[in-house]
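Okay, thanks for coming, everyone. I'd like to walk you through some helix packing today, so let me put the structure up.

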Amino acid sequence: MLLPSSINVLDIQYVQQYKNDPDFVLIKRLIDLFHDKDIHKFELFMERNERFLMMGDDFIKEHLTKVLTSLRIQVLSDILKPSTRISTRILSKQLTSGKISTKQLEILIATAISAKKLDIR
């Protein structure tokens with residue numbers, strides 16, 4: 001669902017019976033925002049629906065944190081592709097409307113580079 005794949009498990013006939021379920025609708029919207037690479041709407045959606053996304057559940061919270069990091073790295077890569085220089089302050093604003101600290105941004109960049117998700121020279 002949140003990995004590069006041509007298979008959309010939400011389109012499987014068995015799953016369609018749940019398409020009007022409120023939890024299903026939330027997850028579908030989250031997946032759509034992930035695929036649209038709309039980091040601002042994704043984060044806002046997570047904030048507004050924290051209770052419904054079971055953020056109190058450690059397993060769900062850990063998974064959604066990884067999904068958010070993955071999305072941030074994708075968006076970070078898209079922002080950095082045409083750039084030769086950019087300040088972390090500006091990058092933070094573009095990436096998350098300033099919701100991420102410089103230290104967190106540096107960790108994100110280091111994580112992306114070590115995972116070979118960014119091609120930086």
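Predicted model: local features only at pLDDT ≥ 70, side-chain atom pairs only at ≥ 80, totals over all residues.

Now back up into H5 itself. Which residues of H5 are buried? Those are Leu91, Ser92, Leu95 and Thr96. They span an arc of only 100° around the axis, so they sit on the same side of H5.

Take H3 to begin with. H3 covers residues 39-48 and H5 covers residues 88-96; their axes are 7 Å apart, and the packing angle is about 65°. On the H3 side the contact uses Ile39, His40 and Glu43, and H5 brings Lys93, Gln94, Leu95 and Thr96. Sorted by class, that's two nonpolar, three polar and two charged residues.

The other pair I wanted to show is H4, residues 58-80, with H6, residues 102-114. Their axes come within 10 Å and cross at roughly 80°, so H4 and H6 are roughly perpendicular to each other. From H4 you get Thr69, Arg72, Ile73 and Leu76, and from H6 it's Leu105, Leu108, Ile109, Thr111 and Ala112. The class tally for H4 with H6 is six nonpolar, two polar and one charged.

Conventions:
Residues numbered from 1 in each chain as written. Heavy atoms only, no water. Axes fitted to C-alpha atoms, helices over the stretch in contact; angles between N-to-C directions. Helix = DSSP H or I, 4+ residues; strand = E, 2+ residues; numbered from the N terminus. Parallel < 35°, antiparallel > 145°, perpendicular 65-115°, else oblique. Contact = heavy atoms within 4.5 Å. Nonpolar A, V, L, I, M, F, W, Y, C, P; charged D, E, K, R; others polar. Buried < 20%, exposed > 50% of the residue type's maximum accessible area, 1.4 Å probe, protein only. Arc of directions from axis to C-beta.
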